[in-house]
Amino acid sequence: MAEEKQEQFCSFCGRGKSEVNVLIAGAHGHICDYCITQASEIVQEEQSQKKKSELHSAVKLRKPKEIKSFLDEYVIDQDDAKKILSVAVYNHYKRLTQPAKADDVEIEKSNIVLVGRTGTGKTLLARTIARMLDVPFTIVDATILTEAGYVGEDVESILSRLYQAADYNVEAAERGIVFIDEIDKIARKSDNPSITRDVSGEGVQQAMLKLLEGAVVNVPPEGGRKHPDQRFVKINTANILFIAGGAFDGIERHIARRLNTQAIGYSAGKKNRIDKDNMLKYVAPSDLKDFGLIPELIGRMPVLTYLNPLDGKALKRILTEPKNAIIKQYKKLFEMDNIELEIKEEVLDFVVEKALSHKLGARGLRSICEAILTDAMYELPSQDKSAKKFEVNLEYAKSHLNDAIINTLKAVS
């Protein structure tokens, strides 16, 4: 009589073979399909936690003074803005890198508003910080945003661009930086109710609130408008740093009105004398409200700083001193063709003078240099390789930069 086979059991949960769908035999034990499923979920969760931990620790966080020193290598002047930015960025990413405790106070993030004229370095500051931290970074023009249902882009497209910049990695995108340019262009057009919809003004501000505060948002991965059949990616904005920049043309009037009101009385004196040439240094949240930003938006961007107008001395330093200085870039380009580029000091002064007189700011410096050097960059690479040096003097610069070119540059700046 054949001996009856003894029932086999799972070595982990103890279920018998008759109680499970599959029981897999190993060298020294057995495992059932239930335990395999549970183990798989545990492994996935552990890997996800490990991945998040690696992403957070990957942020190259430095102390505020170190952040400012790094910014000094790429951005000329603007010490007040650098200091405030350094502290805000340090506090923001410190929240992510510190392990959470049950009794910890929840620290809210500090989104930032930069107020400054065109070409003073708002975008450069944000881009440089993102490069230093090695986090995904994207720039979004606020003027293209409209309310849902209108021609333009939803505010969710901001996150679509960040997701794409993060190489479609959700965890990386959730620790990135978004620079919203021309935030002043979505200011409320009027305090008076109107039958005309302000679809690119206050409506957009209202739609941005949930992104700035922190929410899980359904984002179309490829960007564009949402539609029912589209697949979505969920992105949590709680740890995304938003930096908004704008020229806020005319805000000086609001600042002057407020300061004039405050100055009437005992506080008016030499000690409180106002610098009328740079009113932006006195900017306050109330001025943004008077300009047309809604209080809810201002409250979600609590860090406010300004950028000083650039004078001739600062513009000349921008041309030559930073690590990525414009003149250094052109010298490197010519060097790749075995040509030594020499630009006379008088040419630098001429470029700065044109940028100042036409109010092009730092952004215009490169355009002016490009206009002066385009012919040389076209002709010289094809010439005899024995020509090793190219000198740009004032006469050459003036002959290659006329008023028509300057006006074109002014129009696109």
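Select Glu182, in the loop between strand β5 (177-181) and helix α7. Helices here are DSSP runs of H or I with at least four residues, strands are runs of E with at least two, and both are numbered from the N terminus. This is a predicted model: local features need pLDDT of at least 70, side-chain atom pairs count only at pLDDT 80 or more, and totals for chains, interfaces and linings use all residues. Residues are numbered from 1 along each chain as its sequence is written, and side-chain values use heavy atoms, without hydrogens and water.

Glu182 has a phi near 55 degrees, a positive value in a residue other than glycine. Its relative accessibility is 25%, so Glu182 counts as partly exposed. (Buried means under 20% relative accessible area, exposed over 50%, partly exposed in between, with a 1.4 Å probe and protein chains only.)

Next, select Asp167. This residue sits in the loop between α5 (157-165) and α6 (170-173). Asp167 is not a glycine either, yet has a positive phi of about 60 degrees. Its relative accessible area is 65%, so Asp167 is exposed.

Now go inside. A nonpolar core is a set of buried Ala, Val, Leu, Ile, Met, Phe, Trp, Tyr and Cys residues joined through side-chain atoms within 4.5 Å. The largest has 47 residues, and Ile180, Met208, Phe242 and Leu288 have the most contacts inside it. Helix α7 (residues 202-213) gives the most to this core: five residues. Another core lies apart from it, with 34 residues, among them Ile343, Val351, Ala362 and Cys369.

Select α11 (residues 312-320) and α14 (residues 361-379), which pack at about 55 degrees with axes 10 Å apart. (Axes are lines fitted to C-alpha atoms, for helices over the stretch in contact; angles run from 0 to 180 degrees between N-to-C directions.) That angle makes α11 oblique to α14. (Under 35 degrees is roughly parallel, over 145 roughly antiparallel, 65 to 115 roughly perpendicular, and the rest oblique.) Show Leu315, Ile318 and Leu319 in α11; they meet Gly361, Ala362, Leu365 and Cys369 in α14. Contact means heavy atoms within 4.5 Å.

Last stop: select α3 (residues 79-97) and α4 (residues 122-133). They pack at about 40 degrees, with axes 12 Å apart. That makes α3 oblique to α4. Show Ala81, Lys82, Leu85, Val89 and Tyr93 in α3, which meet Leu125, Ile129 and Leu133 in α4.
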